Amino acid sequence: MRKCRYNMNDKKSGAKFKKVKANDMKIDEIVGGVIQGDRSLLARAITLIESNAPHHFERAQEMLNNLLPHAGKSIRIGITGVPGAGKSTFIEAFGQMLCEKGHRVAVLAVDPSSTMTGGSILGDKTRMENLVKHPNAFVRPSPSGGTLGGVHRKTRETIALCEAAGYDVILIETVGVGQSEVIVRGMVDFFMLLVLTGAGDELQGMKKGIMELADAIVVNKADGDNLSRALKTKSEYNQILHFLQPATKGWETEAYTCSSLQGDGIEDMWNVIGKFVTETTKSGGFQTRRKTQAREWLNSSIADQLHQHFLQNQAVKDILPQIMEDVMEEKRTVSSAVELLFAKYTGRGF
């Protein structure tokens with residue numbers, strides 16, 4: 001049975017809501033539609049990329065190879081934030097502002113937690129109702145299921161598809177926690193951390209690792225009675241940042257304030273990103289980061305492919321349950337278990 005997906009943008013805009021089959025069109029038709037900016041065909045292309053069916057993989061790669069010459073011409077922005085920081089509200093306000101300026105904006109999500117549940121996080125998308133309806137925007141939930149590396153690969157390939165479709169600003173939202181920030185940092189040009197006012201000392205240690213990844217820290221909800229506290233928090237973060245290694249060589253990370261509800265500071269953040277692109281392009285840092293990310297993408301894809309191939313090996317599958325049981329019952333060490341599994345995998349015997 002062929003898997004089906006739904007185009008969220010068509011549903012949100014009130015267009016006729018149809019099932020989209022992943023394997024019912026010729027590759028050149030999908031490629032042509034994506035290049036022309038057809039959102040429904042872009043959704044089909046992403047569905048093909050997300051499919052875990054082996055017979056879809058070759059079609060997806062053929063499609064990607066045809067689209068890659070049209071990709072790479074965007075600014076990729078990662079956005080993460082502490083719980084309650086107003087990520088969805090910020091992304092919607094930021095995205096709408098860019099759309100009104102004539103930019104084409106794609107919003108993607110990275111959610112490693114979906115690898116455990118097998119589901120996609122749709123909550124944030126349903127709260128971006130105005131952005132989803134905008135003709136210059138495309139909002140897509142995270143890939144579902146698969147391995148952590150699979151989410152990593154599928155998101156990167158989705159970025160390429162969106163760029164080929166003419167989206168010049170890609171917003172990548174972290175939905176999960178922990179490792180998702182590292183994953184997103186590895187696939188974007190500019191990484192933004194949204195925070196709240198009054199974050200106590202108990203949160204500073206937790207955020208320190210994330211802060212070291214950020215090219216900008218944005219104190220959101222800087223409005224009304226909260227404005228003075230937001231300005232104070234901004235000053236505190238700037239003091240902390242002086243003691244941290246910059247996330248990007250040649251760029252000084254700073255803290256800023258904004259109000260997503262009122263729109264204050266939203267355009268300022270776009271100006272900051274523009275300055276970042278200009279300065280890092282001149283220094284060569286922008287191009288170096290893209291090349292480094294391409295290398296890391298290759299390495300992670302190799303590791304993911306090897307992992308999948310290993311687990312699909314029949315000799316490994318035959319003995320893995322017993323080996324797993326032995327390890328859990330402490331009848332065999334993990335090292336000896338791995339040695340035995342790889343001996344079976346390579347046919348060396350044991």
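I started at V195 and looked up its bridge partner in β8, which is V219. I note that this is a predicted model.

I then checked the two strands themselves. β7 covers residues 190-195 and β8 covers residues 216-219. They pair in the parallel sense, over 4 bridges.

Next I traced the sheet around them. I found an open sheet of 7 strands, with parallel pairing. I read the order as β5-β4-β6-β3-β7-β8-β9. The edge strands are β5 (137-139) and β9 (254-257), and each of these pairs on one side only. I get an average twist of 25 degrees from one strand to the next.

I moved on to helix α16, residues 334-346.

Which residues of α16 are buried? I list A337, L340, L341 and A343, taking buried as under 20% relative accessible area. They cover an arc of only 160 degrees around the axis, so they sit on the same side of α16. The general rule is that an α-helix has 3.6 residues a turn, so residues three or four places apart point the same way.

What do these buried residues pack against? I find α14 (285-312) and α15 (314-328). On the other side of α16, I see V334 and S335 exposed.

Last, I looked just past the helix.

Definitions and conventions
Residues are numbered from 1 along each chain as its sequence is written. This is a predicted model: local features need pLDDT of at least 70, side-chain atom pairs count only at pLDDT 80 or more; totals for chains, interfaces and linings use all residues. Side-chain values use heavy atoms; hydrogens and water are left out. The expected span of a helix is 1.5 Å times one less than its number of residues. Buried means under 20% relative accessible area, exposed over 50%, partly exposed in between (1.4 Å probe, protein chains only). The arc is that of the directions from the helix axis to the C-beta atoms. Contact means heavy atoms within 4.5 Å. Two strands pair if DSSP finds at least two bridges between them. Axes are lines fitted to C-alpha atoms, for helices over the stretch in contact, and angles run from 0 to 180 degrees between N-to-C directions.
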